Amino acid sequence: MAKLPMRQMKKNQSGVISAVKATGELGRRIRDMGLVPGSEVKIQGHAPLYDPVSLRVLGFTLTLRNSEADFIVVDVDDE
Amino acid sequence: MNKIDATIALAGNPNSGKTTLFNTLTGARQHVGNYPGVTVEKKEGIYQVNGRKLRIVDLPGTYSLTAYSLEEVVARDFLVQEKPEVVIDIVDAANLERNLYLTLQFMELGAPVCLALNMIDVAESRGVSINTDRLSASLGVPVVTTVARSGKGKEALIAMAESVIDGKQKIRPLTISYGKDIDPALAEMDGMVASAQFLTDRYPAHWVALKYMEGDEQVRKLGYAQDAKVSDRLDQVVAKVAQHIEDTLDSYPEAVIADQRYGYIKALLKNNVVVHRKDPNRLFVSDKIDKVLTNRLAGPLIMLAVIFGLYRFTFTYSTAPVGWLETFFGWLGGVVDQGLPDGLLKSMIVSGVIDGVGGVLGFVPLILFMFLGISFLEDSGYMARMAYMLDRVFRFFGLHGSSVMAFIVSGGIAGGCAVPGVMATRTLKSRKERLATILTAPFMNCGAKVPIFMLLVAAFFAHHEAEVMFIITLIAWAGALLAAKFLRSTVIRGESTPFVMELPPYRLPTFKGLAIHTWERTWQYIRKAGTVILGISIILWALMTFPGLPAAQRQSFDQARKAILTAASPADREAVQAGSNGSLSDTARAVRSRLVYIDHQEAEKSLQNSVAGRIGSALEVVSRWAGFDWRTNIALVGGFAAKEVVVSTLGTAYSLGNVDPDASNTLSATLAAAPGWRPLTAMSLIIFTIFYAPCFVTIVMIVRETGSWKWGAFSMAFNTLIAFTLSVIVFQVGSLLGY
């Protein structure tokens, strides 16, 4: 297991969120969507310009800007 | 019989099928308005059952109940202030975990919640089975399953709501544990709130304590206003807990509370409530479609094709009805023209009311088809993908991926219309980005600006038409994006709103949903045409009509006409006066064209003498810097009514009578030969036309969508200033360079 900021995760990589460091409105929006410690996530892909990123969490698809994904730390499975 | 027996609020996440359920329940019997003071839409309808009249209110779709977005505040205030007898929480059954996060917050607020597990068919096909009895027992709220698209479960849902109204279903308020740090502090705060009766006339005591713990701005503000002492004491308790949480967990109370809510939901669902027979994160049909539609290479190409298709669809199908409306208003104008005696009343009805309102209503088919297409893209889920693919580009300019639709509809591909463009920003949930989009979308080249460009291009850049038109389109885009960047770093400064956005599964839109959606927006437009726009049309007509020519000048024109008639042979005179069109002799035709020439001269002088003409002449001092004389100025003033008017007003100002924009060859020849006109003047006017004040219909829409006249006025001043600055630069630099 290794801890990675979500931005550095590759396509199809999955893991479990270990911390969400965003505060204020961004933190709130991230949590509203179920991105809380303990949630499983899987990177689904990136937009044509490599940003935003789309991922799967709690069985639905969510997109975030890379700058927002920076605040999310994920315990990823070793490759 | 008109009495409302109970109010049912429909609440839930976006994309949970809430609006579809609302449409299924109320059909066409719905009323769309705004919540007081904000631009959030309020939809209401009536449902009758067992002799009862139920008022159904569709609350805005939200993921949470914080106080940080208008939608959430509106939903929360509605529940607290209007105390609906039932809150039906529509939950996407395939997405239970996230949807229940909102449910918990309704229950914390003590709202009489019952659950509709919607799209249960999709959930089942995805291998999710939900034990509704267990779910209902562990949450302590009634639960039914529905399929909103087909109306399945509708009766059971209403029966459930009725039993809550009748008090047969007892709903116990929910208290959950927020962990060992927060619980004791909350208990202490509960006591303080209850004993001081602090805000308890509006909210449950426990909820007030909880919101203080979360640092909710709206509640804290209300609390401070009611009793600053209690408010401060609550804040002190919170500060202590917050410090402790920061020291031990490197977190803060609001985050801990959210984590605990999710923890509660996870525990609840584990207890055999939900069984996943398949991996919930495996790829569904929708994800497979996404592999193609958002592919890095194919995605953008398909998007271009979709946008192009939207255009083709809109303009192909709206051309005929637009023509019918034009014919109708032309006919109506003709009837009035025949039926009324010459004079001001006739002039006002024909030129003010019929041309003004008719011109606006002429757009109705365009708006109808445009929104049918947009609603399809929105309801199918494709719009969210467009925002996803384009966000990187638009973000650079302080906009949002979803801004693209407004830009394109407004004329990002020349020929749109800013009115539906401004209305299309409603998909955008981020306030600042939305405002910047509304203010810059009118820079795009709408269908009414195109004839002006055509005229000027034909007169001065013949043989390079396609290139110049392409450059004009690029200038509009560059200008709009840069202006957005400028606005976002000055007037609408501020951090960009978080993008965090759901990509809902692709769904085939329902016919009913599309029809209601399209009609709503079209009707809003029509209603405006009948009120504000009618008034402004008349004002603009008056500006271009009054005070008319002085008597002496009018007489001299009359004398000139008389002189022509006297000089003509009696036969010709008779033929011309009879007004017969068919078989005029050559000499008679010459007489008539001399008369028409006088009429046009009189129209030109009369226009020059009107208030608008005087404004035009007065502006010449300034406008000369950009190369515009009074004639161009009047045309541009008239263009404020509708850009279509520019060409015809130029025609009048050049004594050519009313020029049909589609057949402006004579006018372009006149301009090409007119003194003071050269290619540089045309370029300067093109630049001015792209950027200056939007037409007043667009202004009215901007006011509507931003909820304030301030932004309408800002847009007029700001755009005209940009337009003038740019065209002066073009004209002056061009002149220096010897063009």
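Reader: Why does G535(B) count as partly exposed?

Author: Its relative accessibility is 32%. Buried means under 20% relative accessible area and exposed over 50%, with partly exposed in between (1.4 Å probe, protein chains only). The value of 32% therefore puts G535(B) in the partly exposed class. The structure is a predicted model, in which local features need pLDDT of at least 70 and side-chain atom pairs count only at pLDDT 80 or more, while totals for chains, interfaces and linings use all residues; side-chain values use heavy atoms, without hydrogens and water. Residues are numbered from 1 along each chain as its sequence is written, with chains lettered from A and ligands numbered from 1 in the order in which they are written.

Reader: Where is G535(B) placed?

Author: G535(B) is in helix 23 (residues 532-545) of chain B. Helices (H or I, at least four residues) and strands (E, at least two) are DSSP runs, numbered from the N terminus. G535(B) and V353(B) are 182 residues apart in sequence, yet 8.6 Å apart in space, C-alpha to C-alpha.

Reader: What makes K83(B) exposed, and which class does N12(A) fall into?

Author: K83(B) has a relative accessible area of 52%, so it is exposed. N12(A) has 49% relative accessibility and therefore counts as partly exposed.

Reader: How do you know that the peptide bond joining D51(A) and P52(A) is cis?

Author: Its omega is about 0°. P52(A) is in the loop between strand 3 and strand 4 of chain A. The bond from F546(B) to P547(B) is also cis, with omega near 0°, and P547(B) lies in the loop between helix 23 and helix 24 (551-567) of chain B.

Reader: What makes strand 6 of chain B mostly covered?

Author: Six of its six residues, 113-118, are buried. V113(B), L115(B) and L117(B) are on one side, with C114(B), A116(B) and N118(B) on the other, so by the burial cut-off both faces are covered.

Reader: How do you know that strand 5 and strand 6 of chain B pair?

Author: Two strands pair if DSSP finds at least two bridges between them. Strand 5 (residues 86-92) and strand 6 of chain B have six bridges, in the parallel sense, and therefore meet the criterion. I88(B) stands opposite C114(B) in strand 6 of chain B. Strand 6 is also joined by three bridges to strand 8 (residues 143-145) of chain B, again parallel, and L117(B) stands opposite T145(B) there.

Reader: Why is the unit made by strand 5, helix 3 and strand 6 of chain B called right-handed?

Author: A crossover is right-handed if, with the strands pointing away from the viewer, the path from the first strand over the helix to the second runs clockwise. Strand 5, helix 3 (residues 96-108) and strand 6 of chain B make such a β-α-β unit.

Reader: What makes strand 2 and strand 8 of chain B stand at the edges of their sheet?

Author: The open sheet has seven strands in the order 2-3-4-1-5-6-8 (chain B), with mixed pairing. Strand 2 (30-34) and strand 8 each have a single partner strand, so one side of each has no neighbour in the sheet.

Reader: How many residues does the largest nonpolar core have?

Author: A nonpolar core is a set of buried Ala, Val, Leu, Ile, Met, Phe, Trp, Tyr and Cys residues joined through side-chain atoms within 4.5 Å. The largest has 99 residues, and I374(B), L456(B), Y525(B) and L671(B) have the most contacts inside it. Apart from it lies another core, of 96 residues, including W207(B) and V219(B).
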